[in-house]
Amino acid sequence: MYHAPHQFEPTSLSERQREEVLPLAESIALCSVKLTAAAHETTRASLRELLRQMNSFYSNRIEGQSTHPRNIERALQSDFSHRPYDARLQRIALAHIGAEREMEAKSHEGPALKSAFLIDAHRALYDRLTPQDRLSDDGEIIIPGQIRTRDVQVARHVAPIAASLPAFLQRLDEVYGKARGWDRILIDTACAHHRVAWVHPFLDGNGRAARLQTHCALWKLSEGLWSPSRGFARSTPAYYAALHNADAPRQGDLDGRGNLSAAGLLTWVKYFLEMCNDQVSFMSKMLALDAIKPRIEALLVVRHMKREAILPLVHIFGLGPVGRGEFSQMTGLAERSARSLMATLLADRLLVSDTPYGPLRFGLPLDALGLLFPNLYPEADLPL
């Protein structure tokens, strides 16, 4: 039985191990900083809203509780399924989106890798659900933000005894949230993600809370434009295998000096960083201005829309909103034709405006993602 914090050491990589993964962490940080300058801020803001839906879908899919992306979009419009099971999944997805938005804002107030933030993330998620929607698999109602008070076993992993959780959480606070430099923060975030899952502080929702914490710990770097959760969900067997390998006890005198395997933790960190690198690289390609123009053109061709919309749409994507008169001028069409084209784009939500006569900004409807951002969210193209 695990009862004392020394039993989950090492909580960090050795300096030699850090040196091994620092180049990859540095590359992720550099690419992410460049990514936050891609496209216009209004375009990035629209993308963040879309990615919150996507993060919800993927985090819940890892738990075997995902709903269709279109059902998530409908739930955001308060359109819930008449089937109780599907409606519950919609509510869980909405809870995740709301919790992610709330915790992103709180990540500016202090280190997201602290146990208080983890507990708050759990509360933010489950507070948004009714008691009926908070039932665990064994029928127990999960209390938002409550540390478990009984012992549990998850598959082959026997989590620390409940009485010892305060000591384990205190140790997490001593180790994490102090790193400086995004390369080292990335490595610490990877270590913290596993050790939080290993401690299993809640009766249920540990994975979701840990992924929320991880997302927010990296938010100032990612600005919400990428998240490792997408990578985890698209390689779920590898995700769980890497977590499980880091659970292993020390394998002899060459495997560190802690109770758990230092090599297993390093393997997990490498997997984590590879997922981050994959997501940053993918989003960099998606937001590159020289690549978005042909994809916008392809979308307009498929939808039988006038090619004169290409230039203004690319302009709005990269440089921000334009007035309606300016949009019409950029098309080069006669006024009536330009207005008709504008109305079509607004109806298709490729253009968005807050008021009937307000500026036009770039829209990201789900049914356009397959061409605008291929493979970003392919599940959105699947039939219901």
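Colleague: What makes up the lining of the second largest pocket, by class?
Modeller: Eight nonpolar, four polar and five charged residues. Ala, Val, Leu, Ile, Met, Phe, Trp, Tyr, Cys and Pro count as nonpolar, Asp, Glu, Lys and Arg as charged, and the others, Gly among them, as polar. Keep in mind that this is a predicted model, where local features need pLDDT of at least 70, side-chain atom pairs count only at pLDDT 80 or more, and totals for chains, interfaces and linings use all residues. Residues are numbered from 1 along each chain as its sequence is written, and side-chain values use heavy atoms, with hydrogens and water left out.

Colleague: What makes a residue part of a pocket lining?
Modeller: It has an atom within 4 Å of a pocket point; on a 1 Å grid over the protein atoms alone, a pocket is an open set where a 1.4 Å probe fits, with protein on both sides within 12 Å along at least five of seven lines. For the second largest pocket, 17 residues line it, with Ser46, Glu49, Gln53, Glu73 and Leu364 nearest the centre.

Colleague: And which residues lie nearest the centre of the largest pocket?
Modeller: Glu63, Val154, His200, Gly207 and Tyr240, out of 41 lining residues.

Colleague: Why is proline 237 called exposed?
Modeller: Its relative accessible area is 67%, and exposed means over 50% (buried is under 20%, partly exposed in between, with a 1.4 Å probe and protein chains only). So proline 237 counts as exposed.

Colleague: Where is proline 237 found?
Modeller: In helix 11, residues 236-246; helices here are DSSP runs of H or I, at least four residues, numbered from the N terminus.

Terms used: Helix = DSSP H or I, 4+ residues; strand = E, 2+ residues; numbered from the N terminus.
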